[in-house]
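I opened a new structure today and wanted to get my bearings. These are my notes on what I looked up.

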Amino acid sequence: MQYMSIVQPILELVGSLGFLLYGMKLMSDGVQKSAGESLQRALSVLTGNRFISLLTGLVVTMIIQSSGATTVMVVTFVNAGLMTLTQSVGVIFGANIGTTITAWIVAIFGFNFKISAFAIPLFGLGYFLSIIRKGVYKNWAQAIMGFGMLFLGLSGLSDVFTPDQLGWLFKIQGDGVLGILLGFVIGIIITALLHSSSAFSAIVITMAYNGLVNWELAAAMTLGSNIGSTIDAVLAAMGTNADARRSALIHVLFNVLGTFVALCFFHPFLDLVMLVTPGGHNSNIAIRISMLHTVFKTLSTVILLPLQNPIVKLTKILIKDDEKNTSNVYKLEFTGLLAKDSVATHIIQAEKAIADMTDVVTDMFDKIQIGVTKRNSDFIEKYREESVLAEDYVDQMHEQITHYLIKCEALQVTEKQLNHISNMIQIVDELENMSDSCYATIMLIIRSIEKKMKFQTEDMERLLPYIELARQFLQFIRININKTLTPEKLELAAELEDGIDAFRKDLKKVARKRLEGGADVKSELLYIDIVRTIEHIGDNCFNISETLTAV
């Protein structure tokens with residue numbers, strides 16, 4: 001019997017903790033699948049305004065209920081070049097404030113009435129909603145089920161965290177320095193193991209509410225959880241570029257520096273929390289712990305946000321710049337999903353890679369215009385080797401991005417995301433074909449120079465508006481590469497395609513007439529080949545336009 005009195009509370013604790021953690025995961029995943037991609041896109045297009053960045057990080061984290069998820073997104077976006085290091089500072093600070101919302105939900109709703117009175121009905125509502133309208137409400141139903149499970153876990157924790165069940169924990173109670181430091185270390189370790197400061201906050205609030213730990217120990221454990229929560233940012237930064245590692249370091253510095261100051265002035269800090277908490281010393285301890293969490297994060301932000309630029313400079317001193325990569329090797333690493341990561345983050349990163357590929361192809365095409373205008377040995381000397389390297393680089397991008405997208409397809413993606421990934425694979429194929437046409441055209445121009453082929457001035461001049469029209473089409477694609485084209489824009493793409501086709505027919509007709517008139521056969525055939533390869537580029541652009549319409 002004595003054995004069971006020890007084992008049973010531990011088993012109940014593990015089960016309740018499982019409900020709590022899985023409920024939080026379901027809730028966060030459901031919200032992220034429903035609105036997370038829009039939220040992440042908002043993060044990826046932030047301006048340099050630190051207050052907008054702060055507000056965005058705050059709102060995103062409050063919605064998805066995870067500062068770890070927000071921070072992992074930030075590290076990923078900085079690594080992909082979608083966000084600057086300076087922009088990431090405000091988002092990280094805002095995320096740290098936003099994560100306190102979970103503690104408030106637990107404190108306000110968790111102990112004012114019987115939790116199971118609404119936790120079980122909530123779970124049932126979410127489940128039947130997922131069955132009745134699975135296609136429409138599946139993700140929100142998952143979030144509702146998670147919300148119900150969270151409070152079921154909280155109810156279980158409340159039952160097990162009592163002096164009768166786990167009274168041995170009273171041995172670590174105490175107001176002395178040793179007790180505070182012990183609670184602080186416990187907060188770091190357990191939060192790092194759980195990968196969730198929100199879950200640990202719920203545990204601490206439950207323990208304190210049931211009298212299992214006192215106010216000082218609960219405060220120390222809560223402060224320790226702030227350092228333990230940085231584990232996700234550290235893991236996400238492994239294998240990334242220097243700026244991404246610096247953004248993770250900023251998250252670590254924010255929590256470590258703030259916690260160090262709070263520990264140095266521990267009792268004055270607790271007095272401040274008491275002062276701003278309604279009811280002061282007579283207040284509900286659950287509300288008091290939530291207030292401590294919020295005051296700590298807010299004060300840290302108020303102090304550190306004006307120091308944004310010095311903090312960025314400090315991280316650049318601590319983490320050196322990456323060595324310049326002079327090799328013509330492209331690499332797009334698929335790191336796999338971290339605990340706090342999401343499919344949408346990978347999709348946005350792939351979109352950035354496709355935009356980069358479009359830039360390389362556009363740069364290749366610009367060399368065609370230069371070659372037709374300046375047909376001399378300088379063009380060969382300057383652009384032959386460069387074009388070879390660029391074409392090889394695009395081939396590598398084609399292989400790496402396609403491989404990356406295929407791995408994304410293997411994840412738990414929605415039907416909409418699966419279609420988007422499939423369309424991106426098709427776009428990458430078209431871009432690679434376009435680079436082949438650009439390279440072939442450049443090589444034709446180089447051959448005409450080396451063979452000293454003669455073209456009439458008016459013939460080359462006729463090519464320029466044709467090339468310009470193709471360039472406009474390519475710029476249109478470059479601007480809209482990761483957007484959904486409206487019917488009006490698709491109509492514009494069709495007009496550009498028709499214009500290129502009409503130009504091609506006229507140019508080929510003129511070339512045939514010159515052949516019939518006794519012009520140099522090799523020169524005219526090469527001229528026709530140039531016209532044909534440029535037309536292929538227009539075809540690729542139109543194919544991409546149709547794919548973007550179907551996104």
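My entries start with the whole protein and then go to two spots.

**Overall.** I'm working with a predicted model. Next I checked burial: of the 551 residues, 53% count as buried. The accessible surface comes to about 25,100 Å², and carbon and sulfur atoms hold 61% of that. I also looked at contacts between residues at least 6 apart in sequence, and 83% of these join residues at least 24 apart.

**A nonpolar patch.** Which residues form a nonpolar patch on the surface? I found Leu272, Leu275, Val276, Leu299, Ile303 and Leu307, with about 520 Å² of accessible area together. Two elements give two or more residues to this patch: helix H14 (266-276) and helix H15 (285-304). H14 gives the most, with three residues.

I then picked out one member, leucine 299, which sits in helix H15.

Which residue has a positive phi although it is not a glycine? I wrote down lysine 452, with a phi of about 55°. I traced lysine 452 to the loop between helix H19 (415-450) and helix H20 (457-480). Lysine 452 has a relative accessible area of 66%, so I put it down as exposed; the cut-off for exposed is over 50%.

Technical notes: Residues are numbered from 1 along each chain as its sequence is written. This is a predicted model: local features need pLDDT of at least 70, side-chain atom pairs count only at pLDDT 80 or more; totals for chains, interfaces and linings use all residues. Side-chain values use heavy atoms; hydrogens and water are left out. Patches are made of residues with over 30% relative accessible area and no salt bridge: like charges are joined within 9 Å, nonpolar side chains (Val, Leu, Ile, Met, Phe, Trp, Tyr) within 5 Å. Accessible areas come from the Shrake-Rupley method with a 1.4 Å probe; for residues, only the protein chains shown count as cover. A salt bridge is a side-chain nitrogen of Lys or Arg within 4 Å of a carboxyl oxygen of Asp or Glu. Helices (H or I, at least four residues) and strands (E, at least two) are DSSP runs, numbered from the N terminus. Buried means under 20% relative accessible area, exposed over 50%, partly exposed in between (1.4 Å probe, protein chains only). Contact means heavy atoms within 4.5 Å.
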